[in-house]
Amino acid sequence: MLNNLASRFTDVGSLLKANALLLLLSLSLFTAGAYAAESMPAASTMPWWGWALALFITCFFLGIVAVPSGVGGGVLFVPIVGGFFPFHLDFVRGAGLLVALASALAAGPSLLRGGLANLRLALPLAVLASASAIAGAMIGLAIPAHIVQIALGITILGIVILMALAKKSEFPEVATADKLSSALSMNGIFHDAARNQKINWQVHRTPLGLTLFVGIGFLAGLFGMGAGWANVPVLNLLMGAPLKVSAGTSSFILTLVDSSAAWIYINKGAVLAIIAVPSVIGMMLGAFIGARLLHVLKASVVRKMVITLLLFAGLRALLKGLGIWL
Amino acid sequence: MAMSGDDFISDEQRRYATWLSWGARSGLAILVVTFLAYVLGWLPARIPLDQMPNVWNLSAHDYLLQTGAPTGWQWLNLVGQGDFAGLLGIAWLSGCSVLCLLVVMPIYARRKDWVFVVICVIALLVQLLAASGMLTVGH
């Protein structure tokens with residue numbers, strides 16, 4: 001019991017440190033990189049349909065691996081497409097938000113009906129994250145692309161570390177709900193089909209969770225990524241929601257957070273249908289296949305593959321932003 | 001919390017799910033149809049598709065300057081053109097959560113759960129502010 005408690009505190013401590021490190025690194029880098037060249041990909045000779053097809057195929061495969069690896073499509077999309085396709089990062093981030101939004105919208109209804117996403121838990125967190133996502137999107141579109149690229153590279157490398165080190169707790173022990181979560185009735189019951197059991201859950205450390213969601217929303221808007229990679233650890237390890245409820249609620253939160261940030265990109269002309277639509281359709285078809293391959297593929301192998309892919313894409317983004325590997 | 005039937009899903013959560021489901025499905029259908037109309041040439045494109053590789057490497061700011069593409073909601077005036085028709089589905093997907101928030105508010109209000117009514121109102125205002133185009137940014 002004491003060991004469990006001690007390890008829970010260690011997990012939460014590492015999570016907070018990792019999140020704080022990510023925010024610090026991202027924000028401090030906005031002032032760096034003055035010597036780096038403005039990142040403008042060269043116009044290519046491949047016809048438009050070649051790129052649209054390549055984008056569709058890439059997103060299809062990203063969608064397949066996104067489900068078993070447990071990461072959202074957006075976190076794979078932005079660094080990989082931003083790093084290896086000729087589109088400007090502004091359009092890639094706009095499309096990335098729509099990829100994450102469409103996936104979240106497609107999954108949202110069944111998660112809500114199944115009790116794996118909880119409206120009372122999600123709404124207060126989503127309100128704060130949506131507002132900060134707007135700020136992130138506005139800042140992201142206002143600063144030079146190479147600085148966003150550098151910050152993106154650093155953040156992706158931070159996510160790699162988080163994915164490699166962060167633990168998960170299927171049913172965290174929450175002895176007492178805090179006052180705020182009690183007042184908002186941020187609790188519920190879900191049916192765990194694997195155990196054929198109804199699980200009562202409640203959460204704690206809500207004020208800290210709300211604060212972290214402000215930072216998460218900001219990063220989601222800034223980089224155009226879904227923020228499931230950060231939502232799930234905060235809901236699960238910090239606030240103590242069961243893992244399945246955390247994953248489901250995280251996905252539902254993205255329907256609000258990514259839509260508010262997406263509006264900023266749409267209004268600024270940073271969404272091109274020729275980039276966004278093949279990405280959304282490819283990713284959704286891939287996720288459809290990925291969900292069916294879930295029982296065949298070994299999740300741990302796919303997860304290691306995705307970590308390696310993200311490591312490569314993160315380094316590429318960093319070096320591209322610094323003008324070293326254009 | 002009001003529950004319906006013999007399970008543990010609240011009424012408002014069920015209603016939100018139903019509206020979200022219709023919003024997502026119709027948005028995706030609009031997205032696919034308008035995109036097909038765009039790439040198959042059923043609708044004329046303001047910027048010809050074969051010219052896109054010359055402009056998609058520009059920043060959003062430079063793209064707007066070079067192409068004269070509209071900002072904010074002005075694209076609605078050009079919705080008969082393929083490249084802007086594609087934005088219909090995108091805008092619908094981005095906006096469908098607003099309807100979901102609107103339809104659950106009466107349930108919270110009937111239950112006198114004023115805290116969640118206020119949370120829904122704030123969530124709505126945030127979404128509407130983002131969508132309004134009043135927040136301007138630029139390189």
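Author: One term before we start: a residue counts as buried if 20 or more other C-beta atoms lie within 10 Å of its own, as exposed if there are 12 or fewer, and as partly exposed in between, with the C-beta atoms placed from the backbone. This is a predicted model, in which local features need pLDDT of at least 70 and side-chain atom pairs count only at pLDDT 80 or more, while totals for chains, interfaces and linings use all residues. Residues are numbered from 1 along each chain as its sequence is written, and chains are lettered from A and ligands numbered from 1 in the order in which they are written.

Reader: Okay, Arg205(A), then: where is it in chain A?

Author: Arg205(A) sits in the loop between β2 (197–202) and α8 (206–223) of chain A, where helices (H or I, at least four residues) and strands (E, at least two) are DSSP runs numbered from the N terminus. Arg205(A) is partly exposed, because 19 other C-beta atoms lie within 10 Å.

Reader: And what is its phi?

Author: The phi of Arg205(A) is near 55°, a positive value in a residue other than glycine. For context, most residues other than glycine have a negative phi. Ser185(A) also has a positive phi, near 50°, and it lies in the loop between α7 (179–183) and β1 (187–192) of chain A. With 16 other C-beta atoms within 10 Å, Ser185(A) is partly exposed.

Reader: Those strands keep coming up; in which sense do β1(A) and β2(A) pair?

Author: They pair in the antiparallel sense over 6 bridges, pairing being counted if DSSP finds at least two bridges between two strands. Ile189(A) stands opposite Asn200(A) in β2(A). The two strands form a hairpin with 4 residues between them, and Asn196(A) in the turn has a positive phi of about 50°.

Reader: What does the rest of chain A come to in helices and strands?

Author: Chain A comes to 12 helices and 2 strands, following the pattern α-α-α-α-α-α-α-β-β-α-α-α-α-α along the sequence. Of its 326 residues, 60% are buried. Taking contacts in chain A between residues at least 6 apart in sequence, 85% join residues at least 24 apart; two residues are in contact if their C-beta atoms, placed from the backbone, lie within 7 Å.

Reader: Next, Phe87(A): buried or exposed?

Author: Phe87(A) is buried, because 24 other C-beta atoms lie within 10 Å, and it is found in the loop between α3 (73–84) and α4 (89–113) of chain A. The C-alpha atoms of Phe87(A) and Ile275(A) are separated by 8.3 Å, although these residues are 188 residues apart along the chain.

Reader: Moving to chain B, which residues of α5(B) are buried?

Author: They are Phe116(B), Ile119(B), Cys120(B), Ala123(B), Val126(B), Gln127(B), Ala130(B) and Ala131(B). These residues cover an arc of only 130° around the axis, which puts them on the same side of α5(B); the arc is that of the directions from the helix axis to the C-beta atoms. The face turned away from that buried side carries the exposed residues Trp114(B), Leu125(B) and Ser132(B).

Reader: What do the buried ones pack against?

Author: The buried residues of α5(B) pack against α5 (119–142) and α10 (243–267) of chain A, together with α4 (82–110) of chain B. Just after α5(B), Gly133(B) takes a positive phi of about 80°.

Reader: How many residues of chain B are in contact with chain A?

Author: There are 54 residues of chain B in contact with 61 residues of chain A. On the side of chain B that touches chain A, α1 (11–39), α2 (52–55), α3 (60–67), α4 and α5 of chain B each supply at least two residues, and the largest share, 13 residues, comes from α1(B).

Reader: Last topic: what ipTM does the predictor give the complex?

Author: The predictor gives the complex an ipTM of 0.93 and a pTM of 0.86. Chain A averages a pLDDT of 83, with 85% of the residues scoring at least 70, pLDDT being the predictor's confidence in each residue, from 0 to 100. Over residues 5–10 of chain A, pLDDT stays under 50, and the model has 1 contact beyond four places in sequence for them. Chain B averages 91, and 92% of its residues score at least 70.
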